[in-house]
Amino acid sequence: MLPSLTSNSCVRLIQSNKSAWYFLFLVLGYVLYLLFGAVVFSSVELPYEDVLRQELRNIKRQFLQENECLSEKRLELFLAKALDASNYGVSILNNASANWNWDFTSSLFFASTVLSTTGYGHTAPLSDGGKAFCIIYSVIGIPFTLLFLTAVVQRIMVFSTRRPIMYVHTRWGLSKPLVALVHANLLAIVAVSCFFLIPAAIFSALEKDWNFLESFYFCFISLSTIGLGDYVPGEAFDQRFREVYKLGITVYLLLGLIAMLVVLETFCELQQLKQLRKMFYLKKEKPQDQQAIMEHDHLAFSSVDHTMSPQEEKTEPFVDVPVLTSPGGDDPMIR
């Protein structure tokens, strides 16, 4: 008897706190996913890092042997200075000296990466004034960008998602959740084709050192606002029409970000995903004032129902119509 009562109480406890248990599993799954990523990245990238380190040590050792007049300490100072400048986007190589990082088109590209929170990191402000302005510019610009993107996506969603789904639903009488699911997948295919596959092919043709995988990698890292900065287009020393190319990339990033938000919003409106989100969200509680008003109204209506007699429930006519009778008796005039 006692074990059955204990099991029943445990079941009731789990059912009453189902959202909390789902949230606990969500946190546990996210932590496990982070650990899984760390294990995979470490196992894949660590051997390549070790090979690169050994290669650099061999090159440095060979250089010092060929130039005995140069001490290792002076070489270390020179390399540290060059690497520090490279972190700010300034290269000491002769073939890269012709490219400026802060001309108008490059500055426009930098501003777009700041406002979209992509932040490649290949270029950074050098002066204290530039760093201070970047902070102020970002504090105002990032919320402004969110407002702008939200307004644009809201208007695009009407024509790209809601109206087509409603038209198919009313025209052919198909299930609205099914139509929405098919439409979301078709929209995702179009977005991937127009903003990943086609641009990747274009970048692989324009960038000499990029293959298709690296170009697709750049598109995904950029439009997902990860922005690692290991691949940045338009940085080659012999890049033709560099200003126009940078401007085109800025427009592509802005349009691609809008397209990704439209696709994500379309998937978020799916009934299946709404049911999935409800598993992990807290239930909305009604405000105390609203709940008190509803309880008061309920009591008022119930009291009126109990005090009302059956005769009072009948609707009284607004005008009294007299009953016509015959002069000689009680019979009606109309038989």
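Me: What does "buried" mean here, and how many of the 335 residues count as buried?
Reply: Buried means under 20% relative accessible area, exposed means over 50%, and partly exposed lies in between (1.4 Å probe, protein chains only). Of the 335 residues of the protein chain, 21% count as buried. This is a predicted model, in which local features need pLDDT of at least 70, side-chain atom pairs count only at pLDDT 80 or more, and totals for chains, interfaces and linings use all residues. Residues are numbered from 1 along each chain as its sequence is written, and side-chain values use heavy atoms, with hydrogens and water left out.

Me: What is in contact with threonine 266, leaving aside its neighbours within four places in sequence?
Reply: Met157, Thr161, His183, Ala184 and Leu187 are. Contact means heavy atoms within 4.5 Å.

Me: Why is alanine 236 not given the label buried?
Reply: Alanine 236 stands at 28% relative accessibility, so it counts as partly exposed. Alanine 236 sits in the loop between H7 and H8. Its C-alpha atom is separated by 9.2 Å from that of aspartate 209, 27 residues apart along the chain.

Me: What label does threonine 225 get, and why?
Reply: Threonine 225 counts as partly exposed, because its relative accessibility is 26%. Threonine 225 also lies in the loop between H7 and H8. Its phi is positive, about 60°, although threonine 225 is not a glycine.

Me: Where is threonine 117, and what is its phi?
Reply: Threonine 117 lies in the loop between H4 and H5. Phi of threonine 117 is near 60°, a positive value in a residue other than glycine. At 45% relative accessibility, threonine 117 counts as partly exposed.

Me: What makes a set of residues a nonpolar core?
Reply: The members are buried Ala, Val, Leu, Ile, Met, Phe, Trp, Tyr and Cys residues, joined through side-chain atoms within 4.5 Å. The largest nonpolar core has 26 residues, and Phe195, Phe203, Leu223, Tyr252, Leu253 and Met260 touch the most other members. Helices H5 (128-172), H6 (176-206), H7 (212-223) and H8 each give two or more residues to this core. H8 gives the most, with ten residues. Apart from it lies another core of five residues, including Ile165, Val179, Ala180 and Ala184.

Me: How do you know that there is a cavity?
Reply: On a 1 Å grid over the protein atoms alone, a cavity is a set of points where a 1.4 Å probe fits but cannot get out; lining residues have an atom within 4 Å of a point. The structure holds one cavity of 30 Å³ or more. The largest cavity has a volume of about 50 Å³. Grid points are joined across faces, edges and corners, and a volume is the space filled by probe spheres set on the points.

Me: What lines the largest cavity?
Reply: Asn101, Ser106, Phe109, Phe110, His122, Thr123, Glu235, Arg242 and Lys246 line the largest cavity. Helix H4 gives the most to this lining, with three residues. The lining divides into two nonpolar, four polar and three charged residues. Ala, Val, Leu, Ile, Met, Phe, Trp, Tyr, Cys and Pro count as nonpolar, Asp, Glu, Lys and Arg as charged, and the others, Gly among them, as polar.

How values were computed
On a 1 Å grid over the protein atoms alone, a cavity is a set of points where a 1.4 Å probe fits but cannot get out, and a pocket is an open set with protein on both sides within 12 Å along at least five of seven lines; lining residues have an atom within 4 Å of a point. Helices (H or I, at least four residues) and strands (E, at least two) are DSSP runs, numbered from the N terminus.
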